[in-house]
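Morning, everyone. Please have the picture up before I start.

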Amino acid sequence: MTTPPTEKQATATAAPAKGRPWPGGRPPGRQRPRRRGGANTPAARAVSALWFLTPLALLVVVWLAVVAVVDPPLRVFPQVGDVLAALGDMWSSGDLFDHLGASLRRMAIGAVIAIATALPFGIALGSSAALSAFFSPLLRFSVALAGIAWIPVATLWFGYGDRAVIFIVWNAMFFAITYNAMLGVRQIPIQLLRAARSMGTTRLRMFWEVLLPGALPSVVTGLRVGLGYGWRGLVAAEIIASNAGLGYALFQAQKYFQTDVIIASMVIIGVLWLLMDRLMLAPLEKRTVERWGMTKAGS
Amino acid sequence: MTALEITGLHKNYVDSYSGEEVTAIGDVSFSVDEGEFVSVLGPSGCGKTTVLNIVAGFVNLTEGSVVVDGREVGGPGPDRGVVFQSHALFPWKTVLGNVVFGLRMKGVPRAERDAKGKEFLELVGLGGFEHKYPHELSGGMQQRLGVARVLANEPAVMLMDEPFASIDAQTRRKLQEDLTRIFEKRHPTVFFVTHDVDEAVFLSDRVVVLSQRPSRVREIVTVDLPRPREWRTAVELPEFRAIANRVNELLVDDEAAQDDGTDDGSGGGNDGDGAAVAGV
């Protein structure tokens, strides 16, 4: 039942978005079940936020210092103040919300479709040896091509606009989520499956009752990796196949050497990703996998 | 009335590494009456867990028949509840969620199943822990929850696969007494697999002693010790020692016979533990 760890590592290391980029108040690999509410006191939260923000603040300081010393022209690299000013302009002109809205909407639609299709598919693959034997070569073949490589085909199929971008987001996320859901199901101890079956669980109910929750630690990893892929696919697709969105803003600014707008757009994309991780994935993990004591050793 | 009837059970499987055909179970027949506690005991690797897995419906038999409550067994079903050595609790369900799982699968209405779940939690001494998660319980409590989860389902027979083997010695004694108390109170039908002679004798009405692989029934020993039983008094009963010694002799005899038989061969007769469980 165990799968070679190399496969998992291959997907995981291929994705820089895997896992928590910073130890949010909790050093990696030491996720011990703790007393309820232990990490929710205001003091603990402040410490956690501090740990999270310090590296980012340091980055800004280094940026300020390097640009001050080197003093490059604005068309090469902007100073922190320039980027803040560009953000202010984008805010007041309303561009920020147009682009942000377009990107978030596409991301949300693509992600919902990806999760709705990839989770059942991955769980079906994990629970059937025949299915996974058949689809595994196709999956592995597709992983390298997922997302960006499909942009030319997507524009041919859907033209320039929302549908092509949503297709790319879906495509970029689909394989990572499928693969990790499949691994997650395979890691469920056979005794749990047997216990459920010997208590009269039908095949259909196994999905919600056992397979999905049992695979959740790995599914959360898949969501992290997949959402990371999705964001990258989104930005790339918007550069090529769209006339709105953060990727488009990035690309337009490049035409006019507006490095301040370019960096501002990049900052927005990065911050959105962090917010999504902190506000959606981390709470999901906390309420399920961690609450249930299912955290994987060394993850 | 007979709750479980095993007749001429025979199991072959093909070893997935060597490709050889292995006989795990030669010929096993015995029955368990309703409300009876029967232990299956044998040297390690004798295939006793395979017998349990066949009764549970997890593993197919090669020949023979297994009848539970008058029906031939084919695949797992709620008439046979299993208590696993690894507990096999659902980590994503609360203690109460685990206990009522089987009732929920049967479609028992919420109020009814929660009341029943709480009743069985009280029975195993887990009252007040309803809203904890399994990982917050000690090993002993987890296994009591495993027992409650099966009993709440009211199966025709409760199958227990070395349930206390991974629990420390002190707690194990306590759990054995708890199980005996529960058995004496509710009289479920129990099929209990173990390699611990004292445990088998202490708990059981009868002990089925299996031989080395390919296993067959060496002898069925009746344990007519008075109930209620507790360790403190049981160990002082001469009958208890006599029965335990008898069972031990059967096991030792068998090992000696097996050693003689394989001395001139490859000598691999005793390390079949992994192979016999491989089909599980």
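I'll go from confidence to overall shape, then the sheet, the core and the contact.

First, the ground rules. This is a predicted model, so local features need pLDDT of at least 70, side-chain atom pairs count only at pLDDT 80 or more, and totals for chains, interfaces and linings use all residues. Residues are numbered from 1 along each chain as its sequence is written, while chains are lettered from A and ligands numbered from 1 in the order in which they are written.

Confidence. pLDDT is the predictor's confidence in each residue, from 0 to 100. Chain B has a mean of 87, with 91% of its residues at 70 or more. Where is confidence lowest in chain B? In helix α10(B), residues 273-278, with a mean of 36. Helix α2(B), residues 95-99, is highest at 96. Residues 261-280 of chain B stay under 50. For the model as a whole, ipTM is 0.86 and pTM is 0.80.

Overall shape. Chain B has ten helices and ten strands. Those are DSSP runs, numbered from the N terminus: helices are H or I, at least four residues, and strands are E, at least two. The C-alpha trace of chain B spans about 65 × 45 × 35 Å along its principal axes. Buried residues are 45% of the 280 in chain B. Buried means 20 or more other C-beta atoms within 10 Å of the residue's own; exposed means 12 or fewer; partly exposed is in between; C-beta atoms are placed from the backbone.

Now the sheet. It is open, has ten strands and mixed pairing, and the order in chain B is β5-β4-β1-β2-β10-β9-β3-β8-β7-β6. The edge strands are β5(B), residues 71-72, and β6(B), each pairing on one side only. Two strands pair if DSSP finds at least two bridges between them.

Look at β9(B), residues 206-210. Four of its five residues are buried. On one side, β9(B) runs parallel to β3(B), residues 37-41, through four bridges. There, B:Ser39 has B:Val207 as its bridge partner. β9(B) also pairs with β10(B), residues 215-222, antiparallel, over five bridges. B:Val207 turns up again here, with B:Val221 as its partner in β10(B). β9(B) and β10(B) form a hairpin with four residues between them. β10(B) also pairs with β2(B), residues 21-33, in the parallel sense over two bridges. In that pairing, B:Asp27 is partnered by B:Arg216.

Next, the core. A nonpolar core is a set of buried Ala, Val, Leu, Ile, Met, Phe, Trp, Tyr and Cys residues joined through C-beta atoms within 7 Å. The largest one has 144 residues, and A:Met173 and B:Val247 have the most contacts inside it. Its largest share, 18 residues, comes from helix α7(A), residues 162-186. What does B:Val247 touch, beyond four places in sequence? Among others, B:Val207, B:Val209 and B:Val221. Contact here means C-beta atoms, placed from the backbone, within 7 Å.

Last, the contact between chains. Chain B gives 21 residues and chain A gives 18. On the chain B side, α3(B), residues 101-106, gives the most, with four residues.

That's the tour.

How values were computed: Contact = placed C-beta atoms within 7 Å.
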